[in-house]
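User: I would like to learn how to read the sheets, the ligand surroundings and the annotated spans in a model such as this one. Could we take them one after another?

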Amino acid sequence: MITHMKTDKPYRSLRTTLSSLLTPHKGWAFSALLALLVGSAMSLSLPLMFRRLIDSGYLSGQKMDGLNAAFGVLLLLVFTLAAASATRYYLVTTLGERVSTDLRTRVYSHLLVQRPEFFESLKVGEVLSRLTADTTLIQTLIGSSMSFALRNGLTTIGGLIMLILTSPKLSSAVLVLVVVVLVPVIILARRVRSLSRTSQDKLADSSAIAQEVLNNITIVQAFNQEHRQAEKFSMASELTYAAAKRRTVNRSGLMFVAIGLAFAGLIVVLWMGANDVAKGVMSSGELAQFVMYAAFVGGGFAALSEVLGEFQRAAGAAERLIELLNLNTTLRRTGDAPPQAVGGFEIEFKNVEFRYPSAPDRTILKNFSLKIPRGETVAIVGPSGAGKSTLFNLLLRWYDLTSGEILIENQALQSLHVDQWRARCAYVSQEAVVFSGSLGDNIRYGNPAASDSDVLKALDDAAATTFVNRLPDGIQTEVGEKGVRLSGGERQRVSIARAILRNASLLLLDEATASLDAESERLVQTAIERSRHGRTTLIIAHRLATVMAADRIVVMNEGEIVETGTHKSLVAQNGLYAKLASLQFIDEAAEKTYDSLIRPAAQLN
Ligand SMILES: Nc1ncnc2c1ncn2[C@@H]1O[C@H](COP(=O)(O)OP(=O)(O)OP(=O)(O)O)[C@@H](O)[C@H]1O
């Protein structure tokens with residue numbers, strides 16, 4: 001879970017977020033405010049009109065002159081009110097949508113530039129919930145609650161002023177009432193805020209659970225875990241429900257206190273006013289006007305208390321979004337342009353030491369020194385966990401060294417502009433990654449401007465032409481989410497073709513041929529053989545065939561280089577490499593025996 005920034009000032013987060021979001025749309029916001037002011041002025045003038053109508057005798061039938069004109073003015077007032085309200089609604093709702101769209105995009109873009117450290121502890125579902133649920137809360141705040149609050153705030157203040165002007169005596173009673181209503185409302189609202197945060201957190205937790213399961217549905221079904229996973233989700237959802245219920249109980253209490261106290265007070269004031277009219281101290285028009293303003297004020301407070309809950313929720317949401325926006329695992333994106341390298345980069349690891357930030361006590365690379373001349377192909381072999389992929393993590397600048405240096409053409413890797421540096425590298429990961437979309441889009445991923453013929457050539461180089469020709473729409477074929485419509489070996493060749501098309505000076509292949517059959521592997525070997533010309537290539541490999549094609553083999557064990565040389569020289573040394581190679585030879589021999597003797601025999605039976 002994302003650690004929560006401890007702050008006692010969620011409203012400060014909300015204010016900062018709102019002002020930075022609204023500043024670009026100042027004109028829009030001011031027009032909405034103007035419409036709001038006009039609307040409020042219209043509503044506030046309605047009671048005044050009614051008082052006139054009563055006291056001048058129009059409503060009791062004592063006076064008829066100018067009756068039509070008086071009602072005409074009333075109609076005009078009402079239509080202006082309607083037009084102002086509709087305009088305000090349009091402006092404010094659109095503003096809410098605009099701002100939440102901006103916010104969502106801003107948070108997402110910020111997430112994409114974070115270092116892997118952040119993604120190691122990330123629950124994707126939780127972040128997605130932040131992106132959708134929390135930004136929607138901000139949208140509701142701007143698109144409705146804020147204007148609702150402002151409108152009610154204005155009518156409440158306007159109403160209060162008019163109350164004092166109409167009857168100072170009754171107004172003081174109303175003011176006492178306001179204090180009586182406000183104190184419990186503020187106390188309850190505070191509680192609602194912390195409960196809102198809990199309920200949003202629980203919702204994010206259940207989204208995270210669903211996300212992980214849906215992403216790995218085949219394993220879930222293969223291990224018959226549907227029922228258990230559904231129960232786990234149900235438990236998380238029940239916790240969300242319980243948190244939401246606690247919040248709703250408190251909000252209902254808040255509503256009861258606010259509405260009950262406000263209207264009870266209004267009745268008391270009405271009773272006092274009725275006494276004054278009976279005594280002749282007040283006209284009936286004045287009482288009607290006073291009651292209408294008091295209703296505005298009472299209703300205004302009730303509405304404000306309700307909207308306060310939404311402000312609390314939005315403040316929680318803003319706080320969480322600010323946490324995401326304040327993440328400081330962003331990689332610095334400045335630095336020198338990488339050196340021009342014809343025929344690949346010269347790369348030198350100098351006394352490199354490295355520990356992962358999440359496990360600072362464990363040294364993964366120790367005193368690692370290696371010089372790779374321009375254009376060389378180096379195979380890196382070693383037991384699982386030796387630190388081979390870690391070398392690539394460092395070369396691609398996902399992590400920075402603990403000590404030592406990596407030099408690219410004698411320039412420190414750390415001093416290079418990370419985007420420009422990565423633009424010179426092509427990478428095939430251990431797990432072939434394929435995105436939804438067409439096959440062609442996948443190959444073009446790192447080189448979107450490439451032509452169809454370049455794509456076809458890259459596929460050919462990656463020994464993928466035969467399988468692409470079998471697809472119904474060739475390179476236009478949709479491959480499905482994560483490339484589910486392709487086999488493992490096909491996905492691998494797609495990711496190799498993507499790397500070939502990037503035409504980079506440094507090619508990094510991590511077990512790139514692991515899920516290929518012997519024939520495809522041979523074809524990919526040929527492809528690598530062809531594509532390695534003019535660039536430096538590092539291949540992490542377990543398979544002997546891949547290793548033997550390299551200019552040099554570096555054998556790693558527990559973060560250190562234990563042997564280097566060619567296949568022949570290393571076998572002659574009879575060390576770790578010879579052991580690894582003999583194990584593989586035995587495996588290959590066993591495979592051959594199975595294919596040539598056991599399988600045919602089994603088929604005969
Ligand atoms: N992000 C990480 N945080 C902490 N430790 C890590 C991280 N990634 C890898 N490690 C640890 O670093 C060690 C080296 O990992 P690495 O992936 O480099 O090994 P490898 O030689 O490529 O292994 P394999 O052949 O199995 O892929 C492993 O013991 C692993 O547990």
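Analyst: We can, keeping in mind that this is a predicted model. As a general idea, strands of a sheet pair through backbone hydrogen bonds, either parallel or antiparallel. A case to begin with is strand β4, residues 403-408, which pairs with β5 in the antiparallel sense over two bridges.

User: In what order do the strands of the open sheet of four strands lie, and which are the edge strands?

Analyst: The order is β2-β1-β4-β5, and the pairing is antiparallel. The edge strands are β2, covering 365-372, and β5, covering 411-412, each of which pairs on one side only.

User: What is the order of the open sheet of six strands, and what kind of pairing does it have?

Analyst: Here the strands follow the order β6-β7-β8-β3-β9-β10, with mixed pairing. At the edges lie β6 (425-428) and β10 (560-565), each pairing on one side only, and the twist from one strand to the next averages 15°. For a parallel example, take strand β3 (residues 377-381) and strand β9 (residues 552-557), which pair over four bridges; within β9, Val-554 is the bridge partner of Ile-380.

User: Which strands do helices α10 and α15 lie across?

Analyst: Helix α10 lies across β3, β7 (506-510), β8 (536-540) and β9, and runs at about 145° to β7. Helix α15, residues 488-501, lies across β6 and β7, with a direction at about 175° to β6.

User: Turning to the ligand, which residues come nearest, and which helix gives the largest share of the shell?

Analyst: There are 13 residues around the ligand, of which Tyr-356, Ser-384, Lys-388, Ser-389 and Thr-390 come nearest. The largest share of the shell, three residues, comes from helix α10, which spans residues 388-395 and is also the helix lying across β3, β7, β8 and β9. Sorted by class, the shell holds four nonpolar, seven polar and two charged residues.

User: Finally, which residues does UniProt list for "transmembrane region", and how much helix is there over residues 286-304?

Analyst: The unreviewed UniProt entry lists residues 67-91, 148-165, 171-189, 254-274 and 286-304 under that name. Over residues 286-304 the chain is 100% helix and 0% strand, with the end C-alpha atoms 26 Å apart. Residues 171-189 likewise form a span that is 100% helix and 0% strand, and their end C-alpha atoms lie 26 Å apart.

Methods
Residues numbered from 1 in each chain as written. Predicted model: local features only at pLDDT ≥ 70, side-chain atom pairs only at ≥ 80, totals over all residues. Pairing = 2+ DSSP bridges. Near = placed C-beta within 6 Å. Nonpolar A, V, L, I, M, F, W, Y, C, P; charged D, E, K, R; others polar. Axes fitted to C-alpha atoms, helices over the stretch in contact; angles between N-to-C directions. Contact = placed C-beta atoms within 7 Å. UniProt positions renumbered as here; feature names shortened; annotations may be inferred.
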